[in-house]
Amino acid sequence: MPHRITALTDPQPSASSRSLAWLASDDEGAPVGSAFLRLFTKEGQEHLAELEIAVHRAERRRGVGGGLLDAAVAAARDEGRRSVLAQAEAGSPGDLFLAARGFRRVLALTYARLPLADADLHRIDGIVQQPHEGYRLVQWDGTVPPELALSFAHSRRAMDDMPMDGTDYGTVVWDVDRVLSAAEAIAKRGELLHTVAVVDTANGSVAGFSELVVPGDGRGDAQHYGTGVLPEHRGHGLGLWMKAQSIRQAREHHPELGGLLTDTADSNAHMRGINDTLGYLPTHQAVEYQLDL
């Protein structure tokens, strides 16, 4: 059965990327698949694109995915991109498809969930209440308070050495404007951003942070966006401290929330240990693929 690939354009670019899209349809015009190519636009990631392809189960192995992939890769080349990333659940049809199409595996990820109804809140409270000399916890909802904005932006480099194995992810360059734009984008989606941070009491600077995004109605599952500690402040248990406080805060502020979701590179033994300590349970594994153009 012949398929038609129609190019679409996302009319609303974000502060850090813009997207191209394609719709695959059969000879009667019924949609059978789609592809989205996210083109990163911020300094440090202009070389990168991220691809997501979906094909209707009944239409697989009929050339739909290949046609969508060819269109997206051609566009990435035209845009001067060096690398295209794509992710698939381990062992899924997408996993096999990407491997057969010249993508190489660069990162293994484990997804995990903390069911809040089963969380050991007494133990988590104990972790939060344990003092950390020279540091204090702070927290805010939505946009960072003005007095912490510059320091918080500087603290984002805590994620620069996050284990990414062979992924050509680049280095995200953060400033106050980008921090504010990221928070505003979450708010525009109708979701709630909660941030827990650690402040160095010697100079009042942010030493680390942990972000959690909660659905606007406070139900379902929330998503951890990132937890990082600056290299010069590591070794004091600050990551565990912040993430424990993030759990307690979520439980107190959103009693109808079902669970907290996180994903961690398999090579990031330290963060996986934190998740295990706090009771997160693995749900599935995924593979990050990269196509070098």
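Biologist: Before we go on, what kind of model is it?

Modeller: This is a predicted model, where local features need pLDDT of at least 70, side-chain atom pairs count only at pLDDT 80 or more, and totals for chains, interfaces and linings use all residues. Residues are numbered from 1 along each chain as its sequence is written, and side-chain values use heavy atoms, with hydrogens and water left out.

Biologist: OK, back to S9. Which residue there is the bridge partner of Leu193?

Modeller: Val213. The hairpin of S8 and S9 has four residues between the strands, and Gly204 in that hairpin has a positive phi near 75°.

Biologist: And how does S8 pair with S7?

Modeller: Antiparallel again, over seven bridges. Leu137 stands opposite Val198 in S8.

Biologist: How many residues of S8 are buried?

Modeller: Eight of its nine, so S8 is mostly covered. Buried means under 20% relative accessible area, exposed is over 50%, and partly exposed lies in between (1.4 Å probe, protein chains only).

Biologist: What do the buried residues of H4 pack against?

Modeller: Strand S7 (135-141), helix H5 (176-188), strand S8 (192-200) and strand S9 (205-214). H4 itself covers residues 146-155, and its buried residues include Leu148, Phe152 and Ser155.

Biologist: Why does Ser155 count as buried?

Modeller: Because its relative accessibility is 1%. Leaving aside neighbours within four places in sequence, Ser155 is in contact (heavy atoms within 4.5 Å) with Val206, Phe209 and Leu230.

Biologist: Switching topic: how many salt bridges does the structure hold?

Modeller: There are 11. The cut-off is a Lys or Arg side-chain nitrogen within 4 Å of an Asp or Glu carboxyl oxygen. One of them joins Arg18 and Glu79, at 2.6 Å from N to O. That pair links distant parts of the chain, 61 residues apart: Arg18 is in strand S2 (residues 17-25), Glu79 in the loop between helix H1 (64-78) and strand S5 (83-89).

Biologist: Is Arg18 buried, exposed or partly exposed?

Modeller: Partly exposed, because its relative accessibility is 31%. Glu79 is partly exposed too, at 29%.

Biologist: And which residue does Glu59 bridge to?

Modeller: Arg62, with the closest N and O atoms 3.7 Å apart. Glu59 is buried with a relative accessible area of 11%, whereas Arg62 is partly exposed at 46%.

Biologist: Last topic, the greasy bits. Which residues touch the most other members of the largest nonpolar core?

Modeller: Trp22, Leu37, Leu51, Leu68, Val84 and Phe103, out of 26 residues. By nonpolar core I mean buried Ala, Val, Leu, Ile, Met, Phe, Trp, Tyr and Cys residues joined through side-chain atoms within 4.5 Å.

Biologist: Which element gives the largest share of this core?

Modeller: H1, with eight residues.

Biologist: What does Val84 touch?

Modeller: Not counting residues up to four places away in sequence, its contacts include Leu37, Leu51, Phe103 and Tyr289. There's also a second, separate core of 19 residues, with Leu212, Ile247, Leu257 and Ile274 among them.

How values were computed. Helices (H or I, at least four residues) and strands (E, at least two) are DSSP runs, numbered from the N terminus. Two strands pair if DSSP finds at least two bridges between them.
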